[in-house]
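I opened this model to see how its parts are put together. These are my notes, in the order I made them.

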Amino acid sequence: MLVVGLTGSIATGKSSVSALLKANNVPIVDADILARKVVEPGTPALAQIVKTFGPDILFSDGTLDRKKLGSIIFSDEVKRKKLNKIVHPAVRKAMLWEVLGYWIRGHKYCVVDVPLLIEGGLWKWVGLVAVVYCSEELQLQRLMLRDSSSREDALARLNAQIPITDKVQYADIVVDNSGTKQELEENIELLIRKLEREAGWTWRLNWLIPPLGLLAAVWALVRRRLFASPKRQKKSLAT
């Protein structure tokens, strides 16, 4: 099964792309949703968080008080790293199980929606990387409109992240979201057609013969690590 990593930057429209793919029946593994699930009451991750940061980070019903936890780790890099060491492995494990679930059910490809795909190094673990792109100026305008923020505040938020132009350097596919909703929908259609072509006919053979599928997956990961370069020529869906 072809696993596609989808990412972008703030206000580029990654969530819109993910929603359109889901509306077109493309299997989606959403890292943000899983990040909430792995810290639900009764989960090992939440138990470890409580052990590390104390019971005061819980509401009275046993759910995680994200705002309080955020205030604890916001200005403390050491504590932030401790939290990441608890949450990130749990999310990755949950993502793996969802991907395996789609493969078992016979899907030829799935899309893993990960905001920090590049920053976290997960781009090395997918078959293709798709980056949702718009210009930084358009990002800025959308962010100001969305959050009713000043240009200075919006610019500060953008500058706190990896520039979208840097993320594009890792992309096998660039989904241009610089235009209208209709243009984005057309680009999504192009993306789905490309995924159908990339999956080809061998996916069925790999699915019917699991050892062959496992070998194909291992080879895809090895090829990604050995030959993938963040400086190669990009393929854009804008043209």
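The entries below go from the whole chain to single residues.

**Ground rules.** I am working with a predicted model, where local features need pLDDT of at least 70, side-chain atom pairs count only at pLDDT 80 or more, and totals for chains, interfaces and linings use all residues. I number residues from 1 along each chain as its sequence is written, and side-chain values use heavy atoms, with hydrogens and water left out.

**Whole chain.** I looked up the secondary structure and found 11 helices and five strands. Helices (H or I, at least four residues) and strands (E, at least two) are DSSP runs, numbered from the N terminus. I then checked burial: 39% of the 239 residues count as buried. Buried means under 20% relative accessible area, exposed over 50%, and partly exposed in between (1.4 Å probe, protein chains only). For contacts (heavy atoms within 4.5 Å), I noted that 74% of those between residues at least 6 apart in sequence join residues at least 24 apart.

**Helices H1 and H9.** I took H1 (residues 14–23) and H9 (residues 181–199), whose axes come within 10 Å and cross at roughly 60 degrees. Axes are lines fitted to C-alpha atoms, for helices over the stretch in contact, and angles run from 0 to 180 degrees between N-to-C directions. H1 is therefore oblique to H9; angles under 35 degrees count as roughly parallel, over 145 as roughly antiparallel, 65 to 115 as roughly perpendicular and the rest as oblique. From H1, I listed Ser-16, Val-17, Leu-20 and Leu-21, which meet Leu-184, Glu-185, Ile-188, Leu-191 and Ile-192 of H9.

**Aromatic pair.** I searched for ring pairs, using rings of Phe, Tyr and Trp (its six-membered ring) with centres within 6.5 Å; planes under 30 degrees apart count as stacked, over 60 as edge-to-face and the rest as tilted. The count is one aromatic pair. The rings of Trp-123 and Tyr-170 have centres 4.9 Å apart and planes at 70 degrees, so I logged the pair as edge-to-face. Trp-123 is in the loop between strands E3 (109–113) and E4 (128–133), and Tyr-170 in the loop between helix H8 (164–168) and strand E5 (173–176), 47 residues apart. Trp-123 counts as buried because its relative accessibility is 8%, while Tyr-170, at 22%, counts as partly exposed.

**Lys-167.** Is Lys-167 buried or exposed? I found it buried, at 3% relative accessibility. Lys-167 is in helix H8. Leaving aside neighbours within four places in sequence, Lys-167 is in contact with Thr-7, Gly-8, Ser-9, Pro-115, Ile-118, Glu-119, Val-131 and Ile-162.
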